[in-house]
Amino acid sequence: MRTRVAIIAAGPSIEKSIAPLRSFVVEPMRFGRLFLAGDAAHIVPPTGAKGLNLAASDVYYLSQAFAEFYDTGSSAGLDGYSDRALARVWQAERFSWWMTRLLHRFPEDSGFDRPLQRAELEFLARSQSAQAALAENYVGLPY
């Protein structure tokens with residue numbers, strides 16, 4: 001790769017901070033005629049790899065609601081958009097929080113937290129049910 005970009009001078013790294021592993025959810029995802037979707041409505045830590053999937057599902061739900069509104073004049077889909085999207089958002093938030101706690105160490109972790117994390121990893125390694133639940137959540141929940 002370096003030979004392909006040899007014309008670009010390599011310089012010192014100026015940013016070495018770690019991205020914050022944070023979560024945030026706006027409820028409801030609607031304010032009057034303003035509908036929120038994706039990162040404007042919710043942030044998940046990258047550990048669960050759910051950010052883009054959630055944004056896509058928000059747009060899917062919202063597009064269905066707008067199509068219904070403009071096809072039939074019914075606002076039922078628009079009125080239910082936030083609840084429908086948030087049901088999926090909270091499941092993804094729960095999974096991402098679990099994955100983050102499973103795979104990362106935090107400075108505030110106590111002497112109790114680290115052995116608990118190790119026990120959770122060992123349980124996941126030997127339980128087919130736990131592995132199936134991980135796979136189901138990681139691949140994505142149905143629409």
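The largest pocket is lined by W97, W98, R101, L102, H104, D109, D113, L116, Q117 and E120. This is a predicted model: local features need pLDDT of at least 70, side-chain atom pairs count only at pLDDT 80 or more, and totals for chains, interfaces and linings use all residues. Residues are numbered from 1 along each chain as its sequence is written, and side-chain values use heavy atoms, without hydrogens and water.

**Pocket**
- A pocket is an open set of points on a 1 Å grid over the protein atoms alone, where a 1.4 Å probe fits, with protein on both sides within 12 Å along at least five of seven lines; lining residues have an atom within 4 Å of a point.
- α2 (76-103) and α3 (113-126) each give two or more residues to the lining of the largest pocket.
- The lining has four nonpolar, two polar and four charged residues (Asp, Glu, Lys and Arg count as charged; Ala, Val, Leu, Ile, Met, Phe, Trp, Tyr, Cys and Pro as nonpolar; the others, Gly among them, as polar).

**Helix packing**
- α2 and α3 pack at about 110°, with axes 9 Å apart.
- That angle makes α2 roughly perpendicular to α3 (65 to 115 degrees).
- On α2, the contact (heavy atoms within 4.5 Å) uses W98, R101, L102 and L103.
- On α3, D113, Q117, E120, L121 and L124 take part.
- The residues of this contact divide into five nonpolar, one polar and three charged.

**Helix α4**
- α4 covers residues 128-139 (helices are DSSP runs of H or I, at least four residues, numbered from the N terminus).
- Just after α4, G140 takes a positive phi of about 125°.

Definitions and conventions:
Expected span 1.5 Å × (residues − 1). Axes fitted to C-alpha atoms, helices over the stretch in contact; angles between N-to-C directions. Parallel < 35°, antiparallel > 145°, perpendicular 65-115°, else oblique.
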